Amino acid sequence: MARKSQVKGLQDVDVIDSFLDSFKWKRPTVPDMFTAACFLVTLVLYIIAISTNHWAVLNSGGYRVNFGLWSGCLTDQDGQTTCSSKILHTHVVDHNKVGDWHRAPQVFMILGLLSWFWEEFAILAHMFLKPGAAGRDILAGVNASLTAATGICLLLTVVMFNTGVSSEPDVRVSWSFVVAILALILTAATGATMTLPAYIEGVRRQWGHGQDT
């Protein structure tokens, strides 16, 4: 009975592989799964970074304001905390504590998130397309371009925000900024795990053509 079940399981696998092969699809490999995991973790970190209000902390005039890209939280001397976008403008923006170094990252983070959103479709297609299938090389280029776009947006955000905070003596970076740096590192890791196998695959294919001729 156990042997019959094993044989049936192998037959089912062969049927699935035959079905995937008919569409030039394949089973995801370990590097594919690692790339997908890096993508998902990066996406979570990106959403946390762009939505939280702990990019920086301002200590001035007996109050403490931690703020992000869109809103801020005011903690008064009694320990009461209030959060809103109005607080960001009233206690930070209107006091000239931030400038273009705060507004530009808002744009770059949105552009980067949009680029990373489209990246998921390219990754899924690249995971299941067989090596040598039509369009796989194009997808590799699309993946590399989208990853580079997201990485550049994150890099500009991190550099500009850190430069701006460094120019204000009573402002320091906080944990949301660190999350953005982690997202940047994982974006690079995702791009490496995705483009390196594609590059090796292309070199092997060219080497094989060279030996045939």
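One definition before we set off: a residue is called buried when its relative accessible area is under 20%, exposed when that area is over 50%, and partly exposed in between. Please also keep in mind that this is a predicted model.

**Stop 1: the whole chain.** Show the protein chain as a cartoon and you can find 6 helices and 5 strands. Starting at the N terminus, the elements follow the order α-α-β-β-β-β-α-α-α-β-α. Of the 213 residues in the chain, 39% are buried.

**Stop 2: the disulfide.** A disulfide is a covalent bond between the sulfur atoms of two cysteines. Which two residues form a disulfide here? Select Cys73 and Cys83, whose sulfur atoms lie 1.9 Å apart. The pair links distant parts of the chain: Cys73 sits in strand S3 (residues 72-75) and Cys83 in strand S4 (residues 81-84), 10 residues apart. Turn the view to look at the S-S bond: its torsion is about 110°, so this disulfide is right-handed. A search of the whole structure finds 1 disulfide.

**Stop 3: buried or partly exposed?** Stay with the pair and compare its two ends. Cys73 has a relative accessible area of 5%, so Cys73 is buried. Cys83 has a value of 46%, which falls between 20% and 50%, so Cys83 is partly exposed.

Stop 4: Select Cys38, which is buried at 6% relative accessible area. Finish at Cys153, also buried, with 10%.

Note on methods. Residues numbered from 1 in each chain as written. Predicted model: local features only at pLDDT ≥ 70, side-chain atom pairs only at ≥ 80, totals over all residues. Heavy atoms only, no water. Disulfide = S-S within 2.5 Å. Helix = DSSP H or I, 4+ residues; strand = E, 2+ residues; numbered from the N terminus. Buried < 20%, exposed > 50% of the residue type's maximum accessible area, 1.4 Å probe, protein only.
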